[in-house]
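Here is a friendly briefing to read with the sequence and the model side by side. Keep the viewer open and follow along topic by topic.

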Amino acid sequence: MNIKEIQDELIDEFSMFDDWMERYEYMIELGKSLPLISEEQKTDDLLIKGCQSKVWLHAELNKDIIMYTAESDAIITKGIIAVLLRVFSNQKPEDILNANTDFIDEIGLKEHLSPTRANGLVSMIKKLKLYALAFQTQLNK
């Protein structure tokens with residue numbers, strides 16, 4: 001699936017829930033399926049700056065596809081990063097760089113986060129795209 005198809009799928013899934021408590025619970029469930037990073041990768045250089053909670057993000061380029069793994073010490077944050085990884089993992093760097101993130105507003109995520117969590121969400125997206133930029137540069141050489 002391409003990024004837009006995954007985003008549309010997430011919008012459909014989140015629209016099934018009537019209230020935000022159900023959506024939070026769903027996000028927490030998604031967080032439980034997160035591809036975890038290893039303990040050795042929980043280093044300061046993999047920590048995402050700007051997040052209230054600790055969030056580690058690791059990326060690997062496999063041929064021309066980026067594989068992300070992540071971990072967080074907070075269950076909501078784990079759910080947020082799980083949503084982002086579902087969209088951006090297993091995609092080409094160029095597609096990640098060109099993708100918009102309007103789906104976040106469409107599922108109502110940003111408006112239901114505290115200001116510090118919303119800032120953390122922006123930091124997570126920046127870090128995902130920074131990895132994509134680095135890998136795209138590497139592929140262009």
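Helix 3 is followed by Asn 90, and the phi of Asn 90 is positive, near 65°. This is a predicted model, and the protein chain averages a pLDDT of 92, with 100% of the residues scoring at least 70.

**Helix 3 and the residue after it**

- Asn 90 has its place in the loop between helix 3 and helix 4.
- Asn 90 is a residue other than glycine with a positive phi.
- The relative accessibility of Asn 90 is 45%, so Asn 90 counts as partly exposed.
- Is helix 3 mostly enclosed or open, judging by how many of its residues are buried? Of its 14 residues, 11 are buried, so helix 3 is largely enclosed by the rest of the structure.
- Those buried residues include Ile 76, Ile 80, Ile 81, Val 83, Leu 84, Leu 85 and Phe 88, along with Gly 79 and Thr 77.
- The length of helix 3 (residues 75-88) also agrees with expectation: at 1.5 Å a residue, its 14 residues should span 20 Å, and its end C-alpha atoms are 20 Å apart.

**Aromatic pairs**

- How many aromatic pairs does the structure hold? There are six.
- In one of them, the ring centres of Tyr 68 and Tyr 131 are 6.3 Å apart with the planes at 65°, so this pair is edge-to-face.
- This pair links distant parts of the chain, as Tyr 68 is in strand 2 (residues 65-72) and Tyr 131 is in helix 6 (residues 115-140), 63 residues apart.
- Tyr 68 counts as buried because its relative accessibility is 2%, and the cut-off for buried is under 20%.
- Tyr 131 is buried too, with a relative accessible area of 17%.
- Tyr 131 also pairs with Phe 135: their ring centres are 6.4 Å apart and their planes are at 15°, so the pair is stacked.
- Tyr 131 and Phe 135 are four residues apart in helix 6, so about one helical turn separates them.
- Both Tyr 131 and Phe 135 are buried.
- Elsewhere, one aromatic cluster is formed by Phe 14, Phe 17, Trp 20, Tyr 24 and Tyr 26.

**A charge over a ring**

- Which ring does the charged end of Lys 42 sit over? Lys 42 places its charged end over the ring of Trp 56, 5.3 Å from the ring centre.
- Lys 4 lies in helix 1 (residues 3-15), and at 48% relative accessibility Lys 4 counts as partly exposed.

**The largest pocket**

- The largest pocket holds about 250 Å³ of space.
- Its lining is made of 15 residues, and those nearest its centre are Pro 35, Tyr 68, Leu 85, Arg 86 and Ser 89.
- Strand 1 (55-62), strand 2 and helix 3 are the elements that give two or more residues to this lining.
- Helix 3 supplies the largest share of the pocket lining, four residues.

**The cavity**

- A search of the whole structure finds one cavity of 30 Å³ or more.
- About 50 Å³ of space lies in the largest cavity.
- Among the residues lining the largest cavity are Cys 51, Gln 52, Ser 53, Thr 77, Ile 80 and Met 124.
- Helix 3 and helix 6 are the elements that give two or more residues to that lining, and helix 6 gives the most, with four residues.

- Glu 60 is found in strand 1 and counts as partly exposed, at 46% relative accessibility.
- Glu 60 and Tyr 131 are 71 residues apart in sequence, and their C-alpha atoms are 8.8 Å apart in space.
- Lys 63 is in the loop between strand 1 and strand 2.
- The phi of Lys 63 is near 60°, a positive value in a residue other than glycine.
- Lys 63 is exposed, with a relative accessible area of 75%.

Terms used. Residues are numbered from 1 along each chain as its sequence is written. This is a predicted model: local features need pLDDT of at least 70, side-chain atom pairs count only at pLDDT 80 or more; totals for chains, interfaces and linings use all residues. Side-chain values use heavy atoms; hydrogens and water are left out. pLDDT is the predictor's confidence in each residue, from 0 to 100. Buried means under 20% relative accessible area, exposed over 50%, partly exposed in between (1.4 Å probe, protein chains only). The expected span of a helix is 1.5 Å times one less than its number of residues. Rings of Phe, Tyr and Trp (its six-membered ring) pair if their centres lie within 6.5 Å; planes under 30 degrees apart count as stacked, over 60 as edge-to-face and the rest as tilted. A charge sits over a ring if NZ of Lys or CZ of Arg is within 6 Å of the ring centre and within 35 degrees of the ring normal. On a 1 Å grid over the protein atoms alone, a cavity is a set of points where a 1.4 Å probe fits but cannot get out, and a pocket is an open set with protein on both sides within 12 Å along at least five of seven lines; lining residues have an atom within 4 Å of a point. Grid points are joined across faces, edges and corners, and a volume is the space filled by probe spheres set on the points.
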